[in-house]
Amino acid sequence: MKPAPFRYHRPRSLADTLQLLVTLENAKLIAGGQSLGPMMNMRLVQPAELIDLNALAGLDLIAEKDDFLEIGALARHHAVESSTLVKKHCPLLAEAAGTIGHYAIRSRGTLGGSLAHADPAAQLPLVAATLGAEIVVNGKRGERRIAAKDFFVSMMTTALEADEIVVSARFPKAAAGDRHAYLQFSRRTGDFAIVAVAAVLHSRKLRLGIGGAEDKPLVFEDFSAHEDPQAIARKVREAVQPTESPRVPALYREELVEVLVKRAVARCLTSI
Ligand SMILES: Cc1cc2nc3c(=O)[nH]c(=O)nc-3n(C[C@H](O)[C@H](O)[C@H](O)COP(=O)(O)OP(=O)(O)OC[C@H]3O[C@@H](n4cnc5c(N)ncnc54)[C@H](O)[C@@H]3O)c2cc1C
């Protein structure tokens, strides 16, 4: 199928973009088009106006700040995966970005698009939630920063207002000695994860993020490196409540949560 007819806009500044967002009826932003394109082709969404973000200069920058990396909304997944700064300061983010879809998707898809799209199984929302990132958004009331735990509300629903766009995300830098693991299970290479687990070990404390199990990323931060990985995995399994779906039974996701958490924790601990 092909998309329903729409008018196309390519603003050159953030101010013009925000102006278009408040004045146009039934408008949608497009960045990499890797999620919106298929949805428009299938006519699951039919925007009357399409606002292309790709001419906004500077929105793809990856910059080192005091204790965080600021990554622009237009940074492509491949740029995040291959950035020396991201590999050095947010290795979990670089590793997870490298597992998104296929190369063609990673070369077009953007950080801002993935965060705004908020697929519960997507890598970047999971890593943002696990690392305690902040999402920087801009709208007619100006800029605001939203903690990832408040940004992801439910399946494909975020705290973003209709007049706002994601401009960047701030990811805390890893400390010396931190360990991480990213594991996911998909039916085929390049498919969305059925369940994904992100783990960070910092000062003998474990932070665990679970994607794909519920309608948004879940984060657990009360575990310590002294606990048995199997016991942690069991507790996380008992805490998640996957919804039943015809293609993937809830029990199957529960099993995956337990297996992947155990392996991710063990990987963090054995690399100490
Ligand atoms: C075959 C295939 C496999 C894929 N596999 C994976 C996978 O394994 N893991 C994964 O995470 N993703 C996967 N994706 C999706 C891909 O990562 C997308 O790039 C991403 O979800 C959306 O980014 P985008 O830049 O393409 O956004 P778009 O498709 O352009 O937009 C997506 C949504 O975000 C909104 N939006 C875009 N940018 C902004 C912004 N700056 N501010 C506010 N709203 C914005 C749009 O209005 C739209 O609603 C896959 C896609 C395909 C086609």
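This is a predicted model: local features need pLDDT of at least 70, side-chain atom pairs count only at pLDDT 80 or more; totals for chains, interfaces and linings use all residues.
**View 1. Helix α10 crosses helix α11.** Two packed helices are described by the angle between their axes and the distance between the axes. Here α10 spans residues 229-239 and α11 spans residues 250-270. Their axes come within 8 Å and cross at roughly 145°. The crossing is right-handed. On α10, the contact residues are P229, Q230, I232, A233, R234, V236 and R237. On α11, they include L251, E254, V257, V261, V265 and L269. By type, the residues of this contact are 10 nonpolar, one polar and six charged.

**View 2. F151 and F152 form one of two aromatic pairs in the structure.** A pair of aromatic rings is described by the distance of the centres and the angle of the planes. For F151 and F152, the centres lie 5.1 Å apart. The planes stand at 90°, so this pair is edge-to-face. Both F151 and F152 are buried.

**View 3. F185 pairs with Y252.** The ring centres are 6.5 Å apart. The planes meet at 75°, over the 60 degrees needed, so this pair too is edge-to-face. F185 sits in strand β11 (residues 179-185), while Y252 belongs to helix α11. The pair therefore ties together parts that are 67 residues apart in sequence. F185 is partly exposed, because its relative accessible area of 32% falls between the 20% and 50% limits. Y252 has 39% relative accessibility, so Y252 also counts as partly exposed.

Terms used
Residues are numbered from 1 along each chain as its sequence is written. Side-chain values use heavy atoms; hydrogens and water are left out. Axes are lines fitted to C-alpha atoms, for helices over the stretch in contact, and angles run from 0 to 180 degrees between N-to-C directions. Helices (H or I, at least four residues) and strands (E, at least two) are DSSP runs, numbered from the N terminus. A crossing is left-handed if the near helix is turned anticlockwise from the far one by less than a right angle, and right-handed if clockwise. Contact means heavy atoms within 4.5 Å. Ala, Val, Leu, Ile, Met, Phe, Trp, Tyr, Cys and Pro count as nonpolar, Asp, Glu, Lys and Arg as charged, and the others, Gly among them, as polar. Rings of Phe, Tyr and Trp (its six-membered ring) pair if their centres lie within 6.5 Å; planes under 30 degrees apart count as stacked, over 60 as edge-to-face and the rest as tilted. Buried means under 20% relative accessible area, exposed over 50%, partly exposed in between (1.4 Å probe, protein chains only).
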